[in-house]
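Have the model open as you read.

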Amino acid sequence: MGAEVLITGVSGGLGKALAGLYLERGCTVYGLSRREPAELMKDERFLFSSVDLRDFAATEESLKKHIETKNINLVVLNAGILGDFGDMTTTRLEVMKEVMDVNLWVNKVILDYLFQNGVAVQQVVAISSGASVSGARGWNGYGISKAALNMMVKLYAAERSETHFCALAPGIIDSAMQEHLCGLDASNDYPVLKKLQEARNTKYMPQPAEAAHIVANCIDRLPDVVKSGAYTDVREFQQ
């Protein structure tokens, strides 16, 4: 019997590609997202639940109905939103709160539900970002949410020694988020935009399917090479 994997944000990008890859590996994949990934629905081992992760009560209810197993080999907390890219002083607080809800707090809802309901979880990987440590101008709410995610992972690791935790930056991936960012006007105020635009359509910004292989291979190695609760970047494994 294959491993059991829970992935959030499976409607597109890295989450969808990872779900497809783990299905190819023979795993049972529990998927959470608002939109249904039609191609994956054909696989009977893909157990999907449509839920708006901004709604914490609905997310918990979805887990109640959806998760029947008492052993999950891997949880990938992948769902995330960018919010507004720009300066802190011009970014609306309500937008930043929404980013925090999706990128941080719903992950607490998910983990608490699993642990409080006796689900044994072997490994948790929270998809972080280089923006969580760079402090580069423009990332504002996104960078703050991912930095907080790194700390939350570390705190859970201190409490639950039976589970290996890691906050993993997956590198830049050609996704809807990058499409949006690369479409913004370049500005000397935001050097990161120029770097992203230069990386697009090169090996430095892979498509989700290619990135999923890189990330999954990294996830396989994490428990052996990274202390539980640590932040790391997949690019550290490619050097």
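## A strand and a helix

A126 sits across from A167 of strand 6. Before going further, keep in mind that this is a predicted model. That pair belongs to the parallel pairing of strand 5 (residues 120-127) with strand 6, which spans five bridges. Strand 6 also pairs with strand 7 (residues 230-233), again in the parallel sense, and there C166 has A230 as its bridge partner.

| Partner of strand 6 | Sense | Bridges |
|---|---|---|
| Strand 5 (residues 120-127) | parallel | five bridges |
| Strand 7 (residues 230-233) | parallel | four bridges |

So how enclosed is strand 6 (residues 164-169)? Six of its six residues are buried, so the rest of the structure largely encloses it. In a regular strand, side chains alternate between the two faces of the sheet. Here both faces are covered: H164, C166 and L168 are buried on one side, and F165, A167 and A169 are buried on the other.

Now for helix 7 (residues 191-199), where V192, L193, L196 and A199 are buried. Viewed down the helix axis, these buried residues stay within an arc of 130°, so they line one face. An α-helix has 3.6 residues a turn, so residues three or four places apart point the same way. What does the buried side of helix 7 pack against? Its buried residues pack against helix 6 (176-182). On the face turned away from that buried side, P191, K194 and E198 are exposed. After helix 7 comes N201, which has a positive phi, near 65°.

Note on methods: Residues numbered from 1 in each chain as written. Predicted model: local features only at pLDDT ≥ 70, side-chain atom pairs only at ≥ 80, totals over all residues. Heavy atoms only, no water. Buried < 20%, exposed > 50% of the residue type's maximum accessible area, 1.4 Å probe, protein only. Helix = DSSP H or I, 4+ residues; strand = E, 2+ residues; numbered from the N terminus. Pairing = 2+ DSSP bridges. Arc of directions from axis to C-beta. Contact = heavy atoms within 4.5 Å.
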